Amino acid sequence: MQYTVEIDQELCTGCHRCIDVCPVGAIGGPAGMAADINYDKCCFCGQCVQICSAYQEYKSETSAPRETKMKDRGLLASVREPLFAAHNMGHAQKVWEAINNPNVVTMVQCAPAVRVGLAEDFGVASGELVAGKMITALRKLGFDRVYDTNFTADLTIMEEGSELIKRIQENGVLPMFTSCCPAWVKYVEQEHFELHENLSTCKSPQQMAGALFKTYGAQVDKLEPKKIVSVSVMPCTAKKFEASRPEMNASGSQDVDLVLTTRELANLIKHAGIDFKSLKPSQPDSVLGTYTGAGHIFGVTGGVMEAALRTGYELITGNPLDDINILDVRHSQGVKRATLQVGDLAVKTVVVAGLENAAPIIDEIKNGTADFHFVEVMACPQGCISGGGQPKVLLETER
Ligand code: SF4
């Protein structure tokens with residue numbers, strides 16, 4: 001197993017804020033001493049990485065230990081950024097090597113939440129959508145094909161909506177759990193294995209895209225699949241773990257070779273000397289870069305549920321919803337329950353934001369009192385927008 005999140009024992013100051021935010025109780029340590037991760041419990045959500053404020057400043061003079069640490073973490077040492085104790089293993093160095101290797105073809109996908117978070121690293125207003133500039137930056141970096149995870153978010157919705165309806169109509173295992181959050185999937189597997197069949201059989205959008213790049217994408221470009229380096233950009237540290245799972249090789253080799261976090265993409269853009277703010281927006285490549293609004297809302301809590309319900313509604317009734325915004329399932333934190341009338345059936349749903357909030361829902365299922373059909377769980381407190389790979393929001397206030 002790849003440990004995609006680590007705590008640097010030299011840099012940790014023992015403040016233990018990471019212990020407070022870990023949703024699965026995987027971090028511990030004696031008072032005032034460096035914290036450590038129990039990997040039997042860790043789900044790699046990276047909330048410890050996001051909250052960590054113990055850092056070593058960048059120093060303009062030659063700083064050999066810092067440079068060594070940057071390289072050990074897979075980052076490009078040229079970039080002036082602090083090193084934090086809690087960190088994720090990076091792929092920026094390997095991606096830089098791949099895009100400068102004339103013997104391979106690089107194909108990249110970006111998750112919905114990346115285009116919202118990336119702005120913060122370049123002094124653009126927090127939350128501003130920079131999708132077009134991000135696409136241009138990826139081309140300038142040298143990626144050969146710039147596709148979009150939203151394309152396969154749409155596929156996931158079609159598959160997951162159909163699977164839900166089939167399970168309801170054919171007495172399949174219910175409630176069905178969403179399977180797009182790898183931290184949630186890992187949590188179910190290691191803590192509640194008896195419920196693993198409740199997980200949807202659909203791969204996450206990241207993994208569907210990776211498999212498509214090396215199969216359909218290879219056909220489109222008349223390429224040998226083995227020449228393709230498939231890269232994803234995610235708001236998420238757990239996606240690195242997901243990509244490394246041994247079963248994720250439907251194309252014949254690892255479907256997603258390298259996973260960058262939003263922070264790492266910013267690291268690469270700075271390393272390449274690209275002036276992000278002045279970039280002109282552009283569009284992703286066709287056809288694996290096209291998508292609908294349903295794919296786009298994957299980045300918000302309740303978005304997967306909302307999109308799948310829209311599909312399920314149309315599949316059962318034969319008509320699209322009058323109002324496609326199912327606001328009852330959207331929310332930012334905690335647990336929200338909602339019911340949607342689909343033909344004769346009242347589909348009961350639960351949307352959970354923050355893995356620690358899943359426990360009571362699991363208890364209801366285990367003690368037989370659950371009456372719902374579909375459960376969405378996103379491990380991070382506000383879904384992927386607050387993922388462990390997003391720009392660190394506390395940095396400025398803590399300096
Ligand atoms: Fe990753 Fe999103 Fe799950 Fe957080 S909520 S672990 S960012 S997939």
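Trainee: Does N171 count as buried or exposed?
Mentor: Count the C-beta atoms, placed from the backbone, within 10 Å of the residue's own: 20 or more others mean buried, 12 or fewer exposed, and anything in between partly exposed. N171 has 7 C-beta neighbours inside 10 Å, so N171 counts as exposed. This is a predicted model, where local features need pLDDT of at least 70 and side-chain atom pairs pLDDT 80 or more, while totals for chains, interfaces and linings use all residues. Residues are numbered from 1 along each chain as its sequence is written.

Trainee: What is the phi of N171?
Mentor: Most residues other than glycine have a negative phi. N171 is not a glycine, yet its phi is near 55 degrees, a positive value. N171 sits in the loop between α7 and β9. Those labels are DSSP runs numbered from the N terminus: helices (H or I) need at least four residues, strands (E) at least two.

Trainee: Which place does H16 take?
Mentor: H16 lies in the loop between β1 (5–7) and α1 (17–21). H16 is not a glycine either, and its phi is positive, about 65 degrees. H16 counts as partly exposed because it has 17 C-beta neighbours inside 10 Å.

Trainee: Which peptide bond is cis?
Mentor: Most peptide bonds are trans. The bond from L174 to P175 is cis, with omega near -5 degrees. P175 is in the loop between α7 and β9.

Trainee: How many bridges link β7 and β10?
Mentor: Six bridges, in the parallel sense, join β10 to strand β7 (residues 105–110). T106 stands opposite V229 in β10. β10 also pairs with strand β11 (residues 258–261), over four bridges. In that pair, V233 is opposite L260.

Trainee: Why is β10 largely enclosed?
Mentor: Seven of the seven residues of β10 (residues 228–234) are buried, so the rest of the structure largely encloses this strand. In a regular strand the side chains alternate between the two faces of the sheet. In β10, I228, S230, S232 and M234 are buried on one side, and V229, V231 and V233 on the other.

Trainee: Which order do the strands of the mixed sheet take?
Mentor: The order is β9-β14-β13-β12, an open sheet of four strands. Its edge strands, β9 (176–177) and β12 (334–342), each pair on one side only. β9 and strand β14 (residues 374–378) are parallel, over two bridges. F177 has V375 in β14 as its bridge partner.

Trainee: Which residues are closest to the ligand?
Mentor: The ligand is surrounded by 13 residues, the closest being C181, C236, C380, C384 and G387. A residue qualifies when its C-beta atom, placed from the backbone, lies within 6 Å. α11 and β15 (381–384) each supply at least two residues of this shell.

Key. Pairing = 2+ DSSP bridges.
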